[in-house]
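Here are a few exercises to work through with the model open beside you. Try each one yourself before reading the solution.

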Amino acid sequence: MRNKLVGCPVETTLLLINDRWKILILRELLDGTKRFGELRKAIGTVSPKVLTSHLRSMEEDGLVEREIFAEVPPRVEYTLTELGESLKPILDAMKDWGINYQEKVTSEVDHLEVDVV
């Protein structure tokens, strides 16, 4: 994680969550612990290789914990660390902004359709 520290705090944050998959992983894990298959299904079109890569990266950065259970077949669960949980206000702000943007765009499109008719 130290190699991701840069002078600008915003850039540091972006370096840690710089990908849509990481944001979606965070979104899903904010609801609680999930298994790999649950994450993959919830996120959608992410490949297993890409999901694994991002989970490992997030684990190295201290955002995610992985717990392996000695069972047959093996079971692995992912949970946000306290540091990962601290990103919740950022994701909440992104969600609020996204809702407002969608409403604005939808409103403008509806307005244009009324004017054209």
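**Exercise 1.** Which residue in S3 is the bridge partner of Arg-35?

*Solution.* First, a word on the source: this is a predicted model, in which local features need pLDDT of at least 70 and side-chain atom pairs count only at pLDDT 80 or more, while totals for chains, interfaces and linings use all residues. Residues are numbered from 1 along each chain as its sequence is written, and side-chain values use heavy atoms, with hydrogens and water left out.

Step 1: find the elements, which are DSSP runs numbered from the N terminus (helices are H or I with at least four residues, strands E with at least two). Step 2: S1 and S3 (residues 75-80) pair in the antiparallel sense over 2 bridges; two strands pair if DSSP finds at least two bridges between them. Step 3: the partner of Arg-35 is Glu-77.

**Exercise 2.** Give the strand order of the sheet, and find the helix that packs on it.

*Solution.* Step 1: the sheet is open, with 3 strands in the order S1-S3-S2 and antiparallel pairing. Step 2: S1 (34-35) and S2 (64-69) are the edge strands, each pairing on one side only. Step 3: helix H2 (residues 20-29) packs on this sheet and touches S1, S2 and S3, its direction making about 95° with that of S3. Contact here means heavy atoms within 4.5 Å; axes are lines fitted to C-alpha atoms, for helices over the stretch in contact, and angles run from 0 to 180 degrees between N-to-C directions.

**Exercise 3.** Describe how H3 packs against H4.

*Solution.* Step 1: H3 (residues 36-43) and H4 (residues 48-60) pack at about 115°, their axes 11 Å apart. Step 2: H3 is therefore roughly perpendicular to H4, a label for angles of 65 to 115 degrees. Step 3: on the H3 side, Phe-36, Leu-39, Arg-40 and Ile-43 meet Pro-48, Leu-51, Thr-52 and Leu-55 of H4. Step 4: sorted by class, that contact has 6 nonpolar, 1 polar and 1 charged residues (Ala, Val, Leu, Ile, Met, Phe, Trp, Tyr, Cys and Pro are nonpolar, Asp, Glu, Lys and Arg charged, the others, Gly among them, polar).

Methods: Parallel < 35°, antiparallel > 145°, perpendicular 65-115°, else oblique.
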